[in-house]
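Okay everyone, thanks for coming. Have a look at the model on the screen, and I'll talk you through a few spots.

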Amino acid sequence: MNASHVALRPALWALIAGLVVALTTAGLAVFVAAPASADERTSRVMSMSSGTYEQKVQKHINKQRAKHGLSRLGFESCTDGTAERWAQRLASSNDFYHQSMTDLLTRCDAFYAGETLGKGSISPHRLVRMWMDSPPHRAVLLSKHAKRIGVGAYVDASGSWVTAANFTKF
């Protein structure tokens with residue numbers, strides 16, 4: 001999320017609060033849920049299961065691909081297993097680096113392989129937005145060569161999600 005978006009959010013809530021007051025004094029009752037605090041949002045993100053987090057990452061990647069006229073990436077078990085093992089290894093070892101794409105190509109008998117990594121107490125939506133804002137990561141997410149995806153996500157000892165998204169073509 002960029003700084004200008006963050007700066008607009010309090011102003012938006014002030015406008016909504018003013019609208020609620022105006023409507024209430026006019027005899028109408030309107031209920032607007034208060035915005036979740038950063039702690040509440042982080043708690044919701046961190047209480048997700050790994051499977052839910054991974055599914056949401058894949059969903060948001062496919063939404064971005066659709067916005068750019070690209071085909072949806074399908075789930076693939078070898079690609080997913082590789083992403084799962086890599087994310088778990090990174091989360092348990094507190095390391096953060098890319099695995100060998102040659103190994104991924106060989107293991108999954110693929111003709112194309114790509115990978116994006118993420119780490120933090122952030123939502124799947126925000127993670128994909130951050131990847132889209134980074135030219136090298138964006139290139140992997142929007143590759144015309146990728147046809148399959150696998151996502152692994154695990155919480156590390158510091159309480160951050162460690163995510164690996166692997167992309168392949170057979």
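So, which residues form a positive surface patch here? The patch is made by K56, K59, K63 and K67. Before going on, some housekeeping: this is a predicted model, where local features need pLDDT of at least 70, side-chain atom pairs count only at pLDDT 80 or more, and totals for chains, interfaces and linings use all residues. Residues are numbered from 1 along each chain as its sequence is written, and side-chain values use heavy atoms, with hydrogens and water left out.

Now, what is a patch? Its members have over 30% relative accessible area and no salt bridge, with like charges joined within 9 Å and nonpolar side chains (Val, Leu, Ile, Met, Phe, Trp, Tyr) within 5 Å. The charge on a Lys is placed at NZ, and Lys and Arg are what count as positive. Areas are Shrake-Rupley with a 1.4 Å probe.

Take two of those lysines. K56 sits in helix 3, residues 50-67, and K63 is in helix 3 as well. By helix I mean a DSSP run of H or I with at least four residues, and by strand a run of E with at least two, numbered from the N terminus. K56 has 36% relative accessibility, so we call K56 partly exposed; K63, at 44%, is also partly exposed. The cut-offs are under 20% for buried, over 50% for exposed, and partly exposed in between.

Helix 3 itself has 18 residues and spans 26 Å from first C-alpha to last, close to the 26 Å expected at 1.5 Å a residue; that expectation is 1.5 Å times one less than the number of residues. Among its buried residues are Y53, V57 and I61. After the helix comes G69, with a positive phi near 70°.

How many salt bridges does a search of the whole structure find? One, taking a salt bridge as a side-chain nitrogen of Lys or Arg within 4 Å of a carboxyl oxygen of Asp or Glu. K119 pairs with D156, closest N and O atoms 3.3 Å apart. That ties together distant parts of the chain, 37 residues apart: K119 is in strand 2, and D156 is in the loop between strand 3 and strand 4. D156 is buried at 7%, while K119 is partly exposed at 35%.

Zooming out, the chain has seven helices and four strands, and 38% of its 170 residues are buried.

Technical notes: Buried means under 20% relative accessible area, exposed over 50%, partly exposed in between (1.4 Å probe, protein chains only).
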